[in-house]
Amino acid sequence: MTKEKKIRPAAKGLTGAIRIPGDKSISHRSVMFSSIAKGTVRIKNFLKAADCLSTAVCMRSLGAENMFQEDGVLCVKGVGLRGLKEPACILDAGNSGTTLRLLMGILGAQPFFSVFTGDASLLRRPMGRIVEPLSRMGARICGRAGGRNLPLAVLPHEGHLAAMHYESPVASAQVKSAILLAGLYADGETTVWEPALSRDHTEKMLGAFGAKLRRSGTTAAIEPAEELYAPEEIVVPGDISSAAYWLVAASLIEGSDILLQDVGLNATRTGIIDVLRDMGARLEIGNERESGGEALADIRVRAAHLRGVSFGGAIIPRLIDEIPVLAVAALFAEGDTVISDAAELRVKETDRLQAVTDELNRLAPGAVEATEDGMIIHGGRDVSPAACHTYDDHRMAMSLAVAGAAGAGLTLDAPECVDISYPSFYNTLEGLMQ
Ligand code: S3P
């Protein structure tokens, strides 16, 4: 394990132009869906980070080849919707809930046996949310704690799954996607309703692969398919969840002026832009374009005086992964920020509501209060250096690094967890500080 990481205050502001690494959610889907489609696909800007590599390795274990070429492009040879093979080993999703939950939707419909496990964090996360609906469709899944936790075993299933209408208790793209993928193998139209719209990358990409999908409000419907056909090339846009650290850091640090290039701006992901603008951030969006049905643009960010805000409800799924770094923005903003309807954060890579509260309070004692489903952050307090914990959670590590750079510096234990989604994060921060 790497020794602790020191984050120094960014005395002169952040400056420069950076390209944002590929979107994690879209990278997972690009290799997974290409593997079960017909054709050979070249995936450009695939996120070469631990989470997406877990998906690539699982797909190889299931018989669909994928290989990085010298130029960094990931080349996938699809085996078709019914061409996956029984894996000879236990599938390991590592830290990645997306790998596991999406792939379970596919595996539940296969005529072979498979077993899934993951790292210590994933072993603690709730799996009943996919096991229950997939079982209703006829998938035979068993696992620890009555099937609520990993490891999970999927028994062979012959023939079609049963189509259903599912009302999901949570707005979760992983749950929605698992059911839609299972729906490809069902005996009729499968529909999923969610209480608020979660990211729709699955719907967009499966549609581009020829699946018959439609959406009405927060209900997505999919028809069973004989086959999927992949495009020859997929270009993954930059991840707004990775850009988020720079949106907040440059807004907070005096003298900053940076350009973030190729940021994905799918409307189901842009809640952070709405909230930062409400807080008074200076964000200029330019060079707007589209690639493979996904919007992208460049964003210029300059330092600004931020004010506290309140947010909750339907915006939460649109910024679910950005709440830790938005809490950092709130810590340095003037006035209070109230975040509600975010109980889902308690079942992420760690309990992010408690972790953010405990760690930001090390910098500014008493500044953050955790509530059942959110946080109250009293902004504008003095911050001092501290030794902070990352909980081995990539988004905790990067959010705390932003707090250290914007404040009085800090140290992070287990800093290498950024490799899950943004391996070059610390080098990029150093570069922007020059
Ligand atoms: C993801 C969906 C979200 C998000 C996660 C990635 C996806 O999780 O937090 O980082 O790619 O579908 P939930 O579906 O659990 O909300």
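Let's start at the ligand: around it sit Lys24, Ser25, Arg29, Thr98, Ser172, Ala173, Gln174, Arg199, Ile320, Asp321 and Lys348, where a residue counts if one of its heavy atoms lies within 4 Å. This is a predicted model, so local features need pLDDT of at least 70 and side-chain atom pairs count only at pLDDT 80 or more, while totals for chains, interfaces and linings use all residues. Residues are numbered from 1 along each chain as its sequence is written, and side-chain values use heavy atoms, with hydrogens and water left out.

Serine 25 has a polar side-chain atom 2.7 Å from an oxygen atom of the ligand. Serine 172 places a side-chain N or O atom 2.7 Å from a ligand oxygen, and for lysine 348 the figure is 2.7 Å, from a polar side-chain atom to an oxygen atom of the ligand. On its own the ligand would expose 380 Å², and the protein buries 95% of that (Shrake-Rupley areas with a 1.4 Å probe). Two elements give two or more residues to the shell, α1 (24–35) and α7. The largest share, 3 residues, comes from α1. Helices here are DSSP runs of H or I with at least four residues, strands are E runs of at least two, and both are numbered from the N terminus.

Now move to helix α5 (residues 128–136), whose buried residues are Arg129, Ile130, Val131, Pro133 and Leu134. Buried means under 20% relative accessible area, exposed over 50%, and partly exposed in between, using a 1.4 Å probe and protein chains only. Those α5 residues pack against several elements, including α3 (97–107), β9 (149–154) and α7 (173–183). After α5 comes glycine 138, with a positive phi near 110°.

On α3 you'll find glycine 105, which counts as buried because its relative accessibility is 0%. Beyond its neighbours within four places in sequence, glycine 105 touches Leu134, Ala178, Leu181 and Ala182, contact meaning heavy atoms within 4.5 Å. Glycine 105 and isoleucine 179 are 74 residues apart in sequence, yet their C-alphas are 5.9 Å apart.

Most residues other than glycine have a negative phi, and most peptide bonds are trans. In strand β9, which holds proline 151, the bond from leucine 150 to proline 151 is cis, with omega near -10°. Tyrosine 391 has a positive phi near 60° and lies in the loop between β22 (387–388) and α13 (394–406). Aspartate 392, in the loop between β22 and α13, also has a positive phi, about 60°. Tyrosine 391 is partly exposed at 32% relative accessible area, and aspartate 392 is partly exposed at 42%.

Technical notes:
Polar contact = N/O pair within 3.5 Å; in protein donor to acceptor, adjacent residues only side chain to side chain.
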